[in-house]
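Colleague: Could you walk me through this model? I'd like to begin with how its parts pack.

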Amino acid sequence: MATKTTDAAGHAAEAASASGMPQLDFSSWGNQIFWLLVTLVVIYFVLSRIALPRIAAVLAERQGTITNDIAAAEELKAKAVEAEEAYNKALADAKAEAARIVAEAKAEIQADLNAATEKADAEIAAKAAESEKAIAEIRAGALESIKDVANATTAELVTALGGAAEDADVAKAVDAQMKG
């Protein structure tokens, strides 16, 4: 019996060493293939019914978010272009208005300047006329004064030289000399 037990133990050791890995034991391949197929079917159903729809929903949500963000960006870009056009138009209008205001101000200033110039010219002309009148009066007065001084000086000279001078003769002589 002891030999039998040793023989049985030897056969078991031989069988274990001959079979090696249980996956490579051809006698259990049928069971392994069955359980492999069952596992693959279960994994397929879990993935197709639970995991993949969730992943697809997340991807669809991301795609929707991206699409909405792109649409919003395009809309904001269009609004920015419109705002820029409105700004440029307002700037051009403001420049035109400023040019118009400057032109009006220049015209008003020129009109005021022309009116002031005309008023000053009129005042200058009036003062010049008054000055010429005053100068003429001064000249006339100066000529009279010169005649008076010349008459008095001539009468004194004639008297100093020992002669007798009459006022009428002296006035005639001075008038003759003044005329030329």
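**Helix contact and surroundings**

Modeller: In this predicted model, Leu143, Ile146, Lys147, Ala150, Asn151, Thr154 and Ala155 of H2 meet Val170, Ala171, Val174, Asp175 and Met178 of H3, where contact means heavy atoms within 4.5 Å. By class, that contact of H2 with H3 holds eight nonpolar, two polar and two charged residues. Residues are numbered from 1 along each chain as its sequence is written, and side-chain values use heavy atoms, with hydrogens and water left out. Local features need pLDDT of at least 70 and side-chain atom pairs count only at pLDDT 80 or more, whereas totals for chains, interfaces and linings use all residues.

Colleague: At what angle do the axes of H2 and H3 cross?

Modeller: The axes of H2 (residues 29-160) and H3 (residues 167-179) cross at roughly 125° and come within 9 Å.

Colleague: And how many helices and strands are there?

Modeller: The protein has three helices and zero strands, taken as DSSP runs (H or I of at least four residues for helices, E of at least two for strands) numbered from the N terminus.

Colleague: Changing topic, is Pro22 buried or exposed?

Modeller: Pro22, in the loop between H1 (2-19) and H2, counts as exposed because its relative accessibility is 57%; buried means under 20% relative accessible area, exposed over 50% and partly exposed in between, with a 1.4 Å probe and protein chains only.

Colleague: Which residues does Pro22 touch?

Modeller: Leaving aside residues up to four places away in sequence, Pro22 touches Ser28 and Gln32, and the C-alpha atoms of Pro22 and Gln32 are separated by 10.0 Å.

Notes. Axes are lines fitted to C-alpha atoms, for helices over the stretch in contact, and angles run from 0 to 180 degrees between N-to-C directions. Ala, Val, Leu, Ile, Met, Phe, Trp, Tyr, Cys and Pro count as nonpolar, Asp, Glu, Lys and Arg as charged, and the others, Gly among them, as polar.
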